[in-house]
Number of protein chains: 2
Amino acid sequence: MDKSQPENLKNVGLKSTLPRLKILGLFESGQERHMSAEDVYKQLLSTGDDVGLATVYRVLTQFQQAGLLVRHNFEGGKSVFELNQGKHHDHIVCLQCGHVEEFYDSAIESRQKKVAAELGFEVHDHSLQIYADCTKAKCPNKR
Amino acid sequence: MDKSQPENLKNVGLKSTLPRLKILGLFESGQERHMSAEDVYKQLLSTGDDVGLATVYRVLTQFQQAGLLVRHNFEGGKSVFELNQGKHHDHIVCLQCGHVEEFYDSAIESRQKKVAAELGFEVHDHSLQIYADCTKAKCPNKR
DNA sequence: AATGCAAATGAGAACGATTATCATTCACCT
DNA sequence: AGGTGAATGATAATCGTTCTCATTTGCATT
Ligand SMILES: [Mn+2]
Ligand SMILES: [Mn+2]
Ligand SMILES: [Zn+2]
Ligand SMILES: [Zn+2]
């Protein structure tokens with residue numbers, strides 16, 4: 001019971017087609033948590049599961065609208081997607097190796113609501129990324 | 001003494017040309033604090049100060065590298081620039097009217113350093129935008 | 001299992017933002 | 001004023017993404 005269930009798709013109003021199952025399966029495989037359209041496209045190509053690039057873009061957007069995926073706009077121009085696990089979190093991105101770490105800090109979260117309220121805004125959502133240097137062994141950390 | 005000082009440019013290693021003075025002057029005029037390349041281009045056109053779009057892009061990047069401007073990547077694809085006033089701040093963007101409000105919260109700032117440190121990162125910088133609905137009179141706030 | 005049809009796909013064109021090219025013009029130092 | 005290397009601007013090129021549309025597919029119905 002660890003394969004992409006077509007029910008997942010039917011439940012959100014999307015007919016379960018081969019391209020959609022492959023793309024969802026790739027995210028569920030857990031190999032790579034945060035992937036761009038290009039990442040997904042190349043990954044599928046590499047395993048012989050050819051899916052058109054246009055379809056990848058379309059499906060990723062549909063999955064996001066259906067709540068299956070979450071889209072992030074990190075620096076670098078391209079959108080990145082990840083499985084929606086229900087719980088919100090923010091990201092730390094290593095400027096050297098691109099490694100992404102996730103975190104959640106309730107103090108930061110509540111402070112944002114407070115600040116917004118004081119300025120007369122009703123928060124919809126937010127985007128927080130910390131850009132830093134990580135200490136991973138393979139990281140070509142220069143400083 | 002409220003006009004763009006050519007010294008500003010010389011001091012950061014940029015020769016003071018007409019296009020550069022016009023662009024810097026526009027930001028210093030205080031009319032609009034956050035502007036995209038397109039915003040700057042159109043603003044200059046509207047006052048007869050024609051500057052090529054390529055030059056606008058080039059100069060904005062140069063000003064950012066020189067520390068005169070700060071670049072932000074809000075949602076919507078295009079980069080937005082603002083005068084660098086030395087002090088860091090984050091933004092609340094209204095999803096309806098695009099109105100941008102600035103804020104600084106030391107609790108949020110310090111919490112970020114702490115979170116990063118615990119994960120073994122040395123913070124370089126960060127990007128925080130709150131997307132919300134504002135209460136401005138002219139805002140076509142739908143909800 | 002064959003049929004029908006709306007929905008999905010994929011190749012390629014189109015698009016918007018940004019960057020690269022390169023011939024012409026300009027800022028600034030003799 | 002003249003010389004030179006940097007800056008400009010028109011345009012082509014690039015990148016990520018969306019659009020178009022002819023073809024294929026999922027799936028409900030015979
Ligand atoms: Mn994540
Ligand atoms: Mn600002
Ligand atoms: Zn958060
Ligand atoms: Zn901040």
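**Exercise 1. Identify the donors of the zinc ion (ligand 4) and describe where they lie along the chain.**

Step 1. In this predicted model, the zinc ion (ligand 4) is coordinated by B:H88 (NE2), B:D90 (OD), B:D90 (OD), B:E109 (OE) and B:H126 (NE2), at 1.9 to 2.7 Å. Donors are N, O and S atoms within 2.8 Å of the metal (3.2 Å for Na, K and Ca); water is not among the atoms, so sites may look incomplete.

Step 2. Along the chain, the donors of this ion have the spacing H-x1-D-x18-E-x16-H. Two of them link distant parts of the chain: B:E109 belongs to helix α5 (residues 106-118) of chain B and B:H126 to strand β5 (residues 122-133) of chain B, 17 residues apart. Helices (H or I, at least four residues) and strands (E, at least two) are DSSP runs, numbered from the N terminus.

Step 3. Both B:E109 and B:H126 are buried. Buried means under 20% relative accessible area, exposed over 50%, and partly exposed in between (1.4 Å probe, protein chains only).

Conventions for all exercises: residues are numbered from 1 along each chain as its sequence is written, while chains are lettered from A and ligands numbered from 1 in the order in which they are written. Local features need pLDDT of at least 70, side-chain atom pairs count only at pLDDT 80 or more, and totals for chains, interfaces and linings use all residues; side-chain values use heavy atoms, with hydrogens and water left out.

**Exercise 2. Describe the protein surface near DNA strand C.**

Step 1. DNA strand C is surrounded by 20 residues, the closest being A:T17, A:T55, A:R58, B:Y57 and B:S79. A residue is near a strand if one of its heavy atoms lies within 4 Å of it.

Step 2. Sugar or phosphate supplies 71% of the atoms of DNA strand C within 4 Å of the protein, and bases supply the rest.

Step 3. Consider next the polar contacts, that is, pairs of N or O atoms within 3.5 Å; within protein, one must be able to donate a hydrogen and the other to accept it, and residues adjacent in sequence count only if both atoms are side-chain atoms. The side chain of A:R58 places an N or O atom 2.6 Å from a base nitrogen of DNA strand C.

Step 4. The largest share, four residues, is that of α4(A).

Step 5. By class, the surface has six nonpolar, six polar and eight charged residues. Ala, Val, Leu, Ile, Met, Phe, Trp, Tyr, Cys and Pro count as nonpolar, Asp, Glu, Lys and Arg as charged, and the others, Gly among them, as polar.

**Exercise 3. Carry out the analysis for DNA strand D.**

Step 1. Around DNA strand D there are 19 residues, of which A:Y57, A:S79, B:T17, B:T55 and B:R58 are the closest.

Step 2. Phosphate oxygens of DNA strand D lie 3.2 Å from an N or O atom in the side chain of A:K78, 2.7 Å from a backbone N or O atom of A:S79 and 3.2 Å from a polar side-chain atom of B:R20.

Step 3. The elements giving two or more residues here are α4 of chain A with α2 (18-28) and α4 of chain B; α4(B) gives the most, four residues.

**Exercise 4. Determine how the buried residues of α2(A) are arranged.**

Step 1. The buried residues are A:R20, A:I23, A:L24, A:L26 and A:F27.

Step 2. Viewed down the helix axis, the buried residues of α2(A) fall within an arc of 155°, so they line one face of the helix. The arc is that of the directions from the helix axis to the C-beta atoms.

**Exercise 5. Locate the salt bridge between A:E102 and A:R33 and state what it connects.**

Step 1. A salt bridge is a side-chain nitrogen of Lys or Arg within 4 Å of a carboxyl oxygen of Asp or Glu. In A:E102 and A:R33, the closest N and O atoms are 2.9 Å apart.

Step 2. A:E102 lies in strand β5 (residues 100-103) of chain A and A:R33 in the loop between α2 and β1 (35-36), so the pair ties together parts that are 69 residues apart in sequence.

Step 3. Both partners are partly exposed, A:E102 at 28% relative accessibility and A:R33 at 29%.
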